[in-house]
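Student: I'd like to learn how to read a protein model. Could you walk me through it?
Tutor: Gladly. Have a look at it, and ask whatever comes to mind.

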Amino acid sequence: MHFLTDLYQFNHTLAFRTGATSGVGWSPPTDVYETEEAFVVTLELAGVDHEALQIRFLHDTLTLSGERSDPAKPASVRYAQLEINYGPFRKEIRFALPIERQAISARCREGLLKVVLPKAR
């Protein structure tokens with residue numbers, strides 16, 4: 001196995017809303033690791049509607065997108081601390097090795113999305 005930095009590049013897309021143009025407002029924490037057979041991508045997506053997740057693999061790039069809705073709060077609320085990000089996200093991860101597209105699998109469980117991308121033989 002090679003070092004991951006030699007095998008793929010992260011390409012985090014982060015754009016902000018400007019006027020009527022919708023952008024991407026946050027980037028979920030992500031782990032990527034390699035085994036002999038596959039790459040594994042895990043995203044922390046607590047509070048994200050898993051039914052609305054979009055997972056695409058085109059050419060050599062995995063694109064993951066979705067949205068975490070901001071829960072309604074009373075108008076009189078005053079925050080003491082704000083750390084949770086809401087709104088749309090988009091994450092792109094580019095792989096330098098060929099991937100077996102037909103065998104890609106994804107599973108959401110306990111707030112984590114795990115995508116397994118088998119290496120092409």
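Student: Let me begin with one side chain. Is Y33 buried, partly exposed or exposed?
Tutor: Before we start, keep in mind that this is a predicted model. To judge burial, we look at relative accessible area: under 20% is buried, over 50% is exposed, and values in between are partly exposed. Y33 has a relative accessible area of 37%, so this residue is partly exposed. You will find Y33 in strand 2.

Student: How many strands make up the open sheet, and in which order do they come?
Tutor: Four strands form this open sheet, in the order 2-3-8-7, and their pairing is antiparallel. At the edges are strand 2 (30-34) and strand 7 (105-109), each of which pairs on one side only. From one strand to the next, the twist averages 15°.

Student: Now for the pairing itself. How many bridges join strand 3 to strand 8?
Tutor: There are seven, linking residues 38-44 of strand 3 with residues 112-118 of strand 8, and the two strands run antiparallel. To see one of these contacts, pick V40: the bridge partner of V40 in strand 8 is V116.

Student: And how far apart are Y33 and V116, in sequence and in space?
Tutor: In sequence, 83 residues separate Y33 from V116, while their C-alpha atoms are 9.9 Å apart in space.

Student: Are F39 and F95 buried or exposed?
Tutor: F39 is buried, at a relative accessible area of 0%. F95 also counts as buried, with 2% relative accessibility.

Student: Finally, the surface. Which residues form a nonpolar patch there?
Tutor: That patch consists of V77, Y79 and L82, which together have about 310 Å² of accessible area. Take V77: look for this residue in the loop between strand 5 (61-68) and strand 6 (87-95). With a relative accessible area of 37%, V77 is partly exposed.

Technical notes: Residues are numbered from 1 along each chain as its sequence is written. This is a predicted model: local features need pLDDT of at least 70, side-chain atom pairs count only at pLDDT 80 or more; totals for chains, interfaces and linings use all residues. Side-chain values use heavy atoms; hydrogens and water are left out. Patches are made of residues with over 30% relative accessible area and no salt bridge: like charges are joined within 9 Å, nonpolar side chains (Val, Leu, Ile, Met, Phe, Trp, Tyr) within 5 Å. Accessible areas come from the Shrake-Rupley method with a 1.4 Å probe; for residues, only the protein chains shown count as cover. A salt bridge is a side-chain nitrogen of Lys or Arg within 4 Å of a carboxyl oxygen of Asp or Glu. Buried means under 20% relative accessible area, exposed over 50%, partly exposed in between (1.4 Å probe, protein chains only). Two strands pair if DSSP finds at least two bridges between them. Axes are lines fitted to C-alpha atoms, for helices over the stretch in contact, and angles run from 0 to 180 degrees between N-to-C directions.
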